[in-house]
Amino acid sequence: MLLTRGLLGDFDAGAEADAKGLGTLYNLAALLHAAMLRSHLSEPDLEELLARAEAEYAGTLASGELARAQVRDGHVGPWDVTEVENSVVEGGQIDLGALRVPVVPGIEIRPEGIDAQNQGEDTYGVTLSVGGSYLQLQLYSAPEGGLWDWSLGELAAKIAARGGEVQEITGQLGTEIRSTIPAGDSGSASVAVRFVGCDGPGWMLRGVLTGPGADSDILQEQVRRIFLRTVVDTRDARPLPNGLIALRWPPLGGWNETDTPLFD
């Protein structure tokens, strides 16, 4: 059923079928044979149908729609501020200037690159903690056409240079990286790290998942929801080196520090 739904255009079902190893040549051939019998298709009819499907697929691939499925139609984020009515996320937001991150129970947040006690400082990223899993968010300026596809190759090369293993998988936002990276200099242990990214109008948001959420598909979805519900607002963007966009620290508005503690 998952494979059928995926072939009919359900991107989430297709990703799940792929993760479960259902999209094998044997399974596809069996599904195609069953469709022929049910629909009483002749071989010439089938060849014509496959040719049309291949042309549709080529057009979709060229348009970039497959890699950004459902992102721009408002069903799945991250969103640009121009795509969200009043730029409000249900349940409240952590306002980091160029990023507005949804509040979830138990969330903790720390800046990257500056002392958490500094006031009014720019930070190049933030790390969120939920249920023992971590999600680092960084926002980049991006040219027309996006930056994430190029970043995938760079990330894979860096991981390989450190002796890590890389696997490209298909998720809700297109291609992601699931990797294991040696921990420390000894190389005797490794940690799971998952990279997700999304191209928007003039920006790219990158998320780095570590902890249980990087290794478990179930726990990973809990952290991923934060990434997908994040709103990007680059109207007053402050550029930093390496193409990064500054985030504001400490957060302002829509966030109760007593309910949502910072990291120590």
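**Figure 1. Pairing of strand 4 and strand 6 at E112 and G125.** In this predicted model, E112 stands opposite G125 in strand 6. Strand 4 (residues 108-112) and strand 6 run antiparallel and are joined by 5 bridges. E112 also forms a salt bridge with R110, with the closest N and O atoms 3.6 Å apart. E112 is buried, with a relative accessible area of 14%, whereas R110 counts as partly exposed at 34% relative accessibility. E112 is called buried because its 14% falls under the cut-off of 20% relative accessible area.

Figure 2. Strand 6 (residues 125-130) is mostly covered, 6 of its 6 residues being buried. G125, T127 and S129 point one way from the strand, and V126, L128 and V130 point the other way. The residues of both groups are buried. Strand 6 is joined to strand 7 (residues 133-141) by 5 bridges, and the two strands run antiparallel. V130 stands opposite S133 in strand 7. The hairpin of strand 6 and strand 7 has 2 residues between the strands, and G131 takes a positive phi near 60° in this hairpin.

**Figure 3. Salt bridge between R224 and E176.** The side chains of R224 and E176 meet in a salt bridge, at 2.5 Å from N to O. Because R224 lies in helix 7 (residues 217-228) and E176 in strand 9 (residues 174-183), the pair ties together parts that are 48 residues apart in sequence. Both partners are covered: R224 counts as buried at 6% relative accessibility, and E176 is buried with a relative accessible area of 1%. Side chains of opposite charge can pair when their charged atoms come close.

**Figure 4. Salt bridge between D95 and R248.** A salt bridge brings together the side chains of D95 and R248, at 2.8 Å from N to O. The pair links distant parts of the chain, 153 residues apart. D95 belongs to strand 2 (residues 93-95), and R248 belongs to strand 13 (residues 247-249). R248 is partly exposed, its relative accessible area being 27%.

Figure 5. Strand 1 pairs with strand 12 (residues 231-232) in the parallel sense over 2 bridges. Within this pairing, D80 stands opposite V232 in strand 12.

Figure 6. The secondary structure of the protein comes to 7 helices and 13 strands. Of the 264 residues, 38% are buried. Among contacts with a separation of 6 or more, 56% are between residues 24 or more positions apart. The protein exposes about 14,800 Å², of which carbon and sulfur atoms supply 52%. A search of the whole structure finds 5 salt bridges; among them is the pair of R224 and E176. R224 is buried at 6% relative accessibility. Salt bridges that share partners also join R100, D233 and R235 into one network.

Technical notes:
Residues are numbered from 1 along each chain as its sequence is written. This is a predicted model: local features need pLDDT of at least 70, side-chain atom pairs count only at pLDDT 80 or more; totals for chains, interfaces and linings use all residues. Side-chain values use heavy atoms; hydrogens and water are left out. Helices (H or I, at least four residues) and strands (E, at least two) are DSSP runs, numbered from the N terminus. Buried means under 20% relative accessible area, exposed over 50%, partly exposed in between (1.4 Å probe, protein chains only). Contact means heavy atoms within 4.5 Å. Accessible areas come from the Shrake-Rupley method with a 1.4 Å probe; for residues, only the protein chains shown count as cover. A salt bridge is a side-chain nitrogen of Lys or Arg within 4 Å of a carboxyl oxygen of Asp or Glu. Two strands pair if DSSP finds at least two bridges between them.
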